[in-house]
Amino acid sequence: MRRFQWRTPLLIVIGSYQNRVLHGVPENSEETSIMTDEIKDFEKAAAAAKSLPERPDDATMLKLYALYKQGSVGDVQGEKPGFFDFVGAAKYEAWEELKGTAQEDARNQYIDLVRKLGGSL
């Protein structure tokens with residue numbers, strides 16, 4: 001007896017809704033197509049950033065991190081890491097500097113920076 005058949009379709013609907021909310025995808029189908037292409041490019045850039053020809057300097061790595069977080073999550077969230085967590089604090093501060101930047105703008109800046117660093121999308 002299949003008692004819990006409703007879970008899978010419900011999870012798909014919830015996942016679809018979460019994807020729209022997380023990535024700021026509007027309901028309009030034309031805008032959705034444009035946003036989906038932009039998100040695909042963003043995800044390709046994220047994959048390309050992992051295999052850049054050369055490792056960027058620390059400041060550029062922080063910029064990549066901050067733009068990725070702003071583009072995928074939005075404004076900084078959570079508590080700032082403690083004083084002795086130097087890397088965590090630096091990442092938090094880099095992300096915090098982008099507070100108020102639109103997610104779409106952050107995604108576009110991220111894509112441009114990855115291309116500038118030699119990433120192939």
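Me: Where is F83 found?

Reply: F83 sits in the loop between helix 3 and helix 4. Keep in mind that this is a predicted model.

Me: Why is F83 called exposed?

Reply: Its relative accessibility is 66%. Exposed means over 50%. F83 therefore counts as exposed.

Me: Which residues make the nonpolar surface patch?

Reply: F83, F84 and F86 make it, and the patch covers about 460 Å². A residue needs over 30% relative accessible area to be in a patch. F83, at 66%, passes that cut-off.

Me: What is the overall make-up of the chain in helices and strands?

Reply: There are 5 helices and 0 strands. Along the sequence the pattern reads α-α-α-α-α.

Me: How much of the chain is buried?

Reply: Of the 121 residues, 27% are buried. Here buried means under 20% relative accessible area. The chain exposes about 8,600 Å², and carbon and sulfur atoms supply 53% of that area.

Me: Why is Q70 called buried?

Reply: Q70 has a relative accessible area of 1%. The cut-off for buried is under 20%. So Q70 is buried. This residue lies in helix 3.

Me: What does Q70 touch?

Reply: Leaving aside residues up to four places away in sequence, Q70 touches D75, V76, W95, L98, K99, G100, T101, Q103 and A106. With T101 there is also a polar pair: the backbone oxygen of T101 lies 2.8 Å from a polar atom of the Q70 side chain. A polar contact needs N or O atoms within 3.5 Å. The 2.8 Å distance is within that limit.

Me: Which residues touch the most other members of the largest nonpolar core?

Reply: They are A45, L64, A66, L67, Y110 and V114, in a core of 18 residues. Helix 2, helix 3, helix 4 and helix 5 each supply at least two residues. Helix 5 gives the most, with 5 residues. In soluble globular proteins, nonpolar side chains tend to be buried together.

Me: What does A45 touch?

Reply: A45 touches Y110, I111, V114 and L121, not counting residues up to four places away in sequence.

Me: How many salt bridges are there?

Reply: The count comes to 3 salt bridges.

Me: What makes R107 and E38 a salt bridge?

Reply: Their closest N and O atoms are 2.7 Å apart. The limit is within 4 Å. The pair meets it and forms a salt bridge. R107 is in helix 5 and E38 in helix 2, 69 residues apart, and the pair links distant parts of the chain. Both R107 and E38 are buried.

Me: How do you know that R55 and D58 form a salt bridge?

Reply: The N to O distance is 3.5 Å. That is within the 4 Å limit. Both R55 and D58 are exposed.

Me: What parts does the salt bridge between K80 and E93 tie together?

Reply: K80 lies in the loop between helix 3 and helix 4, and E93 lies in helix 4, so the pair ties together parts that are 13 residues apart in sequence. The closest N and O atoms are 2.6 Å apart, within the 4 Å limit.

Me: Why are K80 and E93 called partly exposed?

Reply: K80 has 43% relative accessibility, and E93 has a relative accessible area of 34%. Buried is under 20% and exposed is over 50%, with partly exposed in between. Both values fall in between, so K80 and E93 count as partly exposed.

Note on methods:
Residues numbered from 1 in each chain as written. Predicted model: local features only at pLDDT ≥ 70, side-chain atom pairs only at ≥ 80, totals over all residues. Heavy atoms only, no water. Core = buried A, V, L, I, M, F, W, Y, C linked by side-chain atoms within 4.5 Å. Buried < 20%, exposed > 50% of the residue type's maximum accessible area, 1.4 Å probe, protein only. Helix = DSSP H or I, 4+ residues; strand = E, 2+ residues; numbered from the N terminus. Contact = heavy atoms within 4.5 Å. Patch = residues over 30% accessible without salt bridge, like charges linked within 9 Å, V, L, I, M, F, W, Y side chains within 5 Å. Areas by Shrake-Rupley, 256 points an atom, 1.4 Å probe, with all protein chains shown as cover. Salt bridge = Lys/Arg side-chain N within 4 Å of Asp/Glu carboxyl O. Polar contact = N/O pair within 3.5 Å; in protein donor to acceptor, adjacent residues only side chain to side chain.
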